[in-house]
Amino acid sequence: MYAYDELDRTLINERVSEFRDQVKRRLSGELTEDEFKMLRLQNGVYLQLHAYMFRVAIPYGTLSSKQLRRLAHVARRYDRGYGHFTTRQNIQFNWIKLAELPDALSDLAEVGIHAMQTSGNNMRNVTSDQWAGVAPGEVEDPRIWSEILRQHTTLHPEFSFLPRKFKIAITASEHDRAAIKIHDIGLRLHKNADGETGFEVLVGGGLGRTPFIAKTIKPFVHGRDILSYVEAILRVYNQYGRRDNIYKARIKILVHELGIEKFAREVDEEWRQMSDSALTLDHSVIDEVRSRFSYPAYEKLPHMPDELKQAAHDPLFERWRKNSVAPHKVQGYSIVTLSLKPVGGPPGDATADQMDAVADLADKYSFGEIRVGHEQNLALPHVAKRDLPQLWKALDRLGLATPNVNLVTDIIACPGLDYCSLANARSIPIAQELTRRFANHDTADMIGRLHINISGCINACGHHHVGHIGILGVEKNGEEFYQITIGGRADENAQMGVLIGPAVPYAEVADVIEDIVEAYLALRDRPEELFVDTVKRLGVEPFKERVYATR
Amino acid sequence: MPLVKNGRITTDLFVHVADGAELPGDGAVLVPAARFLEDPEAILKRAGKAGVIWPNNRAVDDLVPYLDRLAAIALVFPTFRDGRAYSQARLLRERHGYDGELRATGQVLRDQFVFMSRAGFDAFEVKKNADADAFAETMKRYSVFYQPTGDGRVTALNRRMQLRHSESAGQ
Amino acid sequence: MTSPLEQKKIRIMGPSVVTANRTWDGAVVYRTSEQGWSTVLSDAAIVSTSDDARALLAESVADDVGAVGAYIAPVEIKEGGVIKPGNLREHIRSKGLTIDLLPA
């Protein structure tokens, strides 16, 4: 956990006071909606279909049990008793009243939580691997750098009015769980030949109307130079990014229009002039931030405790363990993913009661720590293996032990037309229907890893482009239709999915997805060949034939 | 439109001279960039102070040869959402060492004062009277700053390091 | 969200209302014929010509403190004068979510 000090706390409180004043001026009519809109967005407040929506940051996906309880409190006191975890390590509340927002923020500030820059044309919440600091084989805990960047990007005096939003993600593992290649800047922590820690810097990734996979702009930037290098990228973007067309304003378009080589030269030219500036991080500064991350006092525990051996006789426990429990860097411990994708439930939602209960379980079994991942699930990062059977029983009672992590029913979905003012079509009921179709866990297990991502419009909050199966809602003559893509992925081999044919109506989506999955089962050359690999090997044609032959 | 300078509402001594309008013989003037660049010497040699209004889509590099003779540079915010002038301001102050008046013009609103000041602006043509009146109060909103800029404010990191040093020195 | 400005050219094709979200709490509201706002669709002022729609919208947009994001939305008039939302989006705004919140 990162411990906020007095300075961090003061800044958050100052931000709350500022926003309280801004809301007051809005409600009195001193500020027009046109003037207020950007101010509320800079603090995570959208206006959606039914109400204001309030997006709260969970920097690099790390929460304390105390913080999670406070989120539950906000859900209960100011909203309708639940919250929605997003694909960028945020939580959204859907029914918040503008007049009560300053009080909600003030309650959150008491536990070091804020909503700064969770929307608006500025640098958004810096995200990272939800297994940061506990995954085996990591170069270093990427949250140290995420926190350095979080501080640097918060209320930045030069980059708070960028052409468009700007998202940074960091990973320190070989396997990218932070989807860095679909971010404006992706940072991959690694060591150079001299054993020094630094970053491969990628730029210009993003989804939406014009999707791009990020390109490497520099294979190695030393850790001490990362702030100046990021600042150089942002300065070039702030000056040259397009402001004439909202759909062409992201950095990906600038990188595309200039070409990565020319863009890189512009950045280098800027960086050369600032690389010995006050932004250079010396060891003591990095150590200072590192020192404020505390790690649990792990016990020396056996790799295979008796409790686990006994529980292995229970097939239901075993199914869950094999699905939801991952190796930890410390022997005798595990990382446990809590599926927020129950059959028939809205993906990523958690009730206030569930949040409180998870906070209690975190205190009991995970040193009071919870993680939030971009797949819209939670994790307990430090669970002693001997506690797994007890934890499983408790999670099962809460409806948080669905053994479907990374399987076909572990669907990423945006809120869609049920909540969102930008949406063309609904996402959640499509996801709910699919979870019912594939509710049989044995079938889902047999299908294996398969990511379905659903967006209710081209803005792609549900990351449909990079789903193994992507579903995009569109509107045709007032009716909901859905385009289906296959073969996308968001990891270190990120790529965009390919459209398989004409859009299908709402009522047919689940049938089509079932057809695609059946085609895969017939086409895969062995059970271990993942859906996405079969698509890669065979292309979309055989899937297309299967889906459209009878339609 | 009230002008806030040195933290107070003050009289604007600079006369805005439009393109094509006659240049007054003396007194301080602010002229548009294109007119300035047509004949910089003519404007700089006048008896009064010279300032230039610089658009946000033109590199400030073009101004560098004249910086030590310019009394004011006005950077433009066509809307408060367009943040290009923040970069221009920092480049002028921090890279090119400009130390004359740096003025924010256009849609200059209360909620941008702190950002502008941190980027190096020290004069503000404020859109609304109520915002100008609230200037001093608004500048007190924040006491903690994460980023080093050229504004001289001590960053959170520096304060932490100082605290550490004093703690270890006291042991 | 469709801005009122983008709607200036739009001609209405049938009975319509002006809807928005109330400023202080964000609730869905409809412009009434008494120059106020109501959370109940049946209280809404119904317009059936493009000129009337534009006039009602202009009056609604001017009340920036009362409600935000005003725009023209289609409605259907059923038998007995019952007013129903004219499309799925407006149905969801008027009636609420189409989904179960809890797993089922």
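This is a predicted model: local features need pLDDT of at least 70, side-chain atom pairs count only at pLDDT 80 or more; totals for chains, interfaces and linings use all residues.
Start with how the chains meet. Two pairs of chains touch, and the pair with the most contacts is A and B. Chains B and C have no contact with each other. Their closest C-alpha atoms lie 18 Å apart.

Look at the contact of chains A and B. Chain A gives 30 residues and chain B gives 27 residues. On the side of chain A, five helices of that chain give two or more residues each: H1 (6–27), H2 (33–41), H5 (142–153), H6 (226–240) and H9 (283–291). The largest share comes from H1(A), with 7 residues. By class, this side of chain A has 10 nonpolar, 13 polar and 7 charged residues.

Now turn to the contact of chains A and C. Here 27 residues of chain A meet 25 residues of chain C. Helix H14 (residues 428–437) of chain A makes the largest share of chain A's side, 3 residues. The side of chain A that touches chain C divides into 14 nonpolar, 9 polar and 4 charged residues.

Next, go inside chain A. The chain is divided into domain 1 (6–109), domain 2 (134–290), domain 3 (306–398) and domain 4 (412–548). The C-alpha centres of domains 2 and 4 of chain A are 31 Å apart.

An unreviewed entry places "domain: Nitrite/sulphite reductase 4Fe-4S" at residues 119–272 and 408–547 of chain A. Over residues 119–272 of chain A, the chain is 31% helix and 18% strand. The end C-alpha atoms of that stretch are 31 Å apart.

Then pick out two helices of chain A. Two packed helices are described by the angle between their axes and the distance between the axes. For H3 (residues 65–78) and H12 (residues 352–365) of chain A, the angle is about 170 degrees and the axes are 8 Å apart. An angle over 145 degrees counts as roughly antiparallel. H3(A) and H12(A) are therefore roughly antiparallel to each other. Residues of H3(A) in this contact include A:Leu68, A:Leu71 and A:Ala72. Among those of H12(A) are A:Met355, A:Val358 and A:Ala359. The contact of H3(A) with H12(A) has 9 nonpolar, 1 polar and 4 charged residues.

Move on to chain B. Its two parts are domain 1 (3–140) and domain 2 (145–171). The C-alpha centres of these domains of chain B lie 31 Å apart. Contact between them takes 7 residues of domain 1 and 5 residues of domain 2 of chain B. Helices H3 (84–95) and H4 (113–119) of chain B each supply at least two residues on the side of domain 1. That side has 1 nonpolar, 2 polar and 4 charged residues.

Finish with chain C. Its 5 strands form an open, antiparallel sheet in the order S3-S2-S1-S4-S5. S3 (37–38) and S5 (83–85) of chain C stand at the edges with a single partner strand each, so one side of each is left without a neighbour in the sheet. Strands S1 (residues 16–22) and S4 (residues 67–77) of chain C pair over 6 bridges. C:Val17 stands opposite C:Ala73 in S4(C). Helix H2 (residues 88–95) of chain C packs on this sheet and touches S1, S2 (28–31), S4 and S5 of chain C. The direction of H2(C) makes about 110 degrees with that of S5(C).

Technical notes. Residues are numbered from 1 along each chain as its sequence is written. Chains are lettered from A and ligands numbered from 1 in the order in which they are written. UniProt positions are given in the numbering used here, feature names are shortened, and annotations may be inferred rather than shown by experiment. Helices (H or I, at least four residues) and strands (E, at least two) are DSSP runs, numbered from the N terminus. Ala, Val, Leu, Ile, Met, Phe, Trp, Tyr, Cys and Pro count as nonpolar, Asp, Glu, Lys and Arg as charged, and the others, Gly among them, as polar. Domain bounds come from an automatic or database domain assignment. Axes are lines fitted to C-alpha atoms, for helices over the stretch in contact, and angles run from 0 to 180 degrees between N-to-C directions. Angles under 35 degrees count as roughly parallel, over 145 as roughly antiparallel, 65 to 115 as roughly perpendicular and the rest as oblique. Two strands pair if DSSP finds at least two bridges between them.
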